[in-house]
Amino acid sequence: MNSLQLLLALPARPDQILEHARQAAPSLIKLLRRGKPAAHAAGLAGALCQASGIKQQQDWPLAPICAAADGLQVSTSDYWLRLDPVHLEVVMGGLILRPPTSLQLGLPEAESLIADINLHWQQDGLKIEATSATRWYLRLDETPNLRTTPLDQMGGEYLTPHLPRGADARQFNQRINEVQMLLHSHAVNLARENDGRPAVNGLWLWGGGKLPAVKAGFDLLAADVFELQALARPAGVRCTPQPESLSELQACRQALVALTQPEINWDGDLAARLAQLEQNWFQPVLQQLSRGRLGRLRLDLIGSQAVTLTPLQAWRVWR
């Protein structure tokens, strides 16, 4: 393999990952120490766009790419935003967000919620479009003055510092607040609460932009992340689910692999997950580099740092 890019994104803070990795994943620490620092985005959304040759607009423009992948009609002249259903949890100090994947939201539930939200927004000319229960979209005729925070950067974060910014933010925030009041007493949520399931009591706006050109520098993308899968089609790149190990990665010259962990399946045992990744990925990758069987590695610890390594750099044992 000529090159491999690994994106490591687990539901834990980067400092927690590094702390546990010292015991559970020593090869990860070696790769990060021996590599050459590289420019990197703050979150997974930015890393995916950068890897696919997509420039940042006001946001990293994943919304139109995802909308097209979900089967919606996407014009290059329209501005798209993700408006995903979430659960807002009251904790000491404010509100935090639980992502759509934690809701176990069914499509009939989503369609009922969307229908009433669209009725409420009819006079404003806004309409949510969706073919998925947990990926909702807004299509706008004109580009708003609006900057948002990607959903992947919201894990464990208080909402207030990450609300939409820009000249049009107040208007959008007000509209979303009105809808959240509607959701509070919605029949779908009352039924969910009776069943002991979290209410869909919030909406998260992110990923805005116009449809960009996608030009990935890979011939294989491997991930369980929908956003990366959505990027594969316009780039004309083969896409597979995330393999369990490096040895299960399909043969290719240049690959990008997203090592992620869905929050819904996360048991909180960070050390165990890192030990698994050490055995299946980090140690084999370090060995392949050291033996010259891998020509180049880029490793992104999402939210913290990125490094690149060549076989020669992999031998810098003093680091």
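Visitor: Where does glutamine 104 lie?
Guide: A quick note first: this is a predicted model, where local features need pLDDT of at least 70, side-chain atom pairs count only at pLDDT 80 or more, and totals for chains, interfaces and linings use all residues. Residues are numbered from 1 along each chain as its sequence is written, and side-chain values use heavy atoms, with hydrogens and water left out. Helices (H or I, at least four residues) and strands (E, at least two) are DSSP runs, numbered from the N terminus. With that in hand, glutamine 104 sits in the loop between strand S4 (94-98) and helix H5 (107-121).

Visitor: Is glutamine 104 buried or exposed?
Guide: Buried means under 20% relative accessible area, exposed over 50%, and partly exposed in between (1.4 Å probe, protein chains only). Glutamine 104 has a relative accessibility of 58%, so this residue counts as exposed.

Visitor: What is the phi of glutamine 104?
Guide: Most residues other than glycine have a negative phi. Glutamine 104 is not a glycine, yet its phi is positive, at about 50 degrees.

Visitor: Which residue in S11 is the bridge partner of leucine 4?
Guide: Strand S1 pairs with S11 in the parallel sense, over six bridges. S1 also runs parallel to S10, over seven bridges, and there leucine 4 stands opposite alanine 255. On the S11 side, the partner of leucine 4 is leucine 297.

Visitor: How many of the residues of S1 are buried?
Guide: Ser3, Gln5, Leu7 and Ala9 point one way, while Leu4, Leu6 and Leu8 point the other way. Both groups are buried. That makes S1 mostly covered, with a count of seven of its seven residues.

Visitor: Which residue in S12 stands opposite arginine 298?
Guide: S11 (residues 296-301) and S12 run antiparallel, joined by five bridges. Across from arginine 298 stands threonine 308.

Visitor: What do the buried residues of H3 pack against?
Guide: Helix H3 (residues 44-51) is mostly covered, with seven of its eight residues buried. Among them are Leu44, Leu48 and Cys49. Contact means heavy atoms within 4.5 Å. The buried residues pack against strand S1 (3-9), helix H4 (62-69), strand S7 (202-209), helix H8 (226-235) and strand S10 (254-260).

Visitor: How many residues apart are arginine 135 and aspartate 70?
Guide: A salt bridge is a side-chain nitrogen of Lys or Arg within 4 Å of a carboxyl oxygen of Asp or Glu. Arginine 135 and aspartate 70 form one at 2.9 Å, N to O. The pair links distant parts of the chain: arginine 135 in the loop between S5 (128-129) and S6 (137-140), aspartate 70 in the loop between H4 and S3 (79-91), 65 residues apart.

Visitor: How many salt bridges are there by this rule?
Guide: One of them joins arginine 82 to aspartate 84, with the closest N and O atoms 2.9 Å apart. There is also a network linking Glu109, Arg192, Asp195 and Arg197. The count comes to twelve.

Visitor: Which side chain of opposite charge is nearest to arginine 316?
Guide: Lys and Arg count as positive and Asp and Glu as negative; His and the chain ends are not counted. Arginine 316 is buried yet has no salt bridge. A polar atom of its side chain lies 2.5 Å from the backbone oxygen of arginine 34. The nearest opposite charge, 15 Å away, is aspartate 300.

Technical notes. A polar contact is a pair of N or O atoms within 3.5 Å; within protein, one must be able to donate a hydrogen and the other to accept it, and residues adjacent in sequence count only if both atoms are side-chain atoms. Two strands pair if DSSP finds at least two bridges between them.
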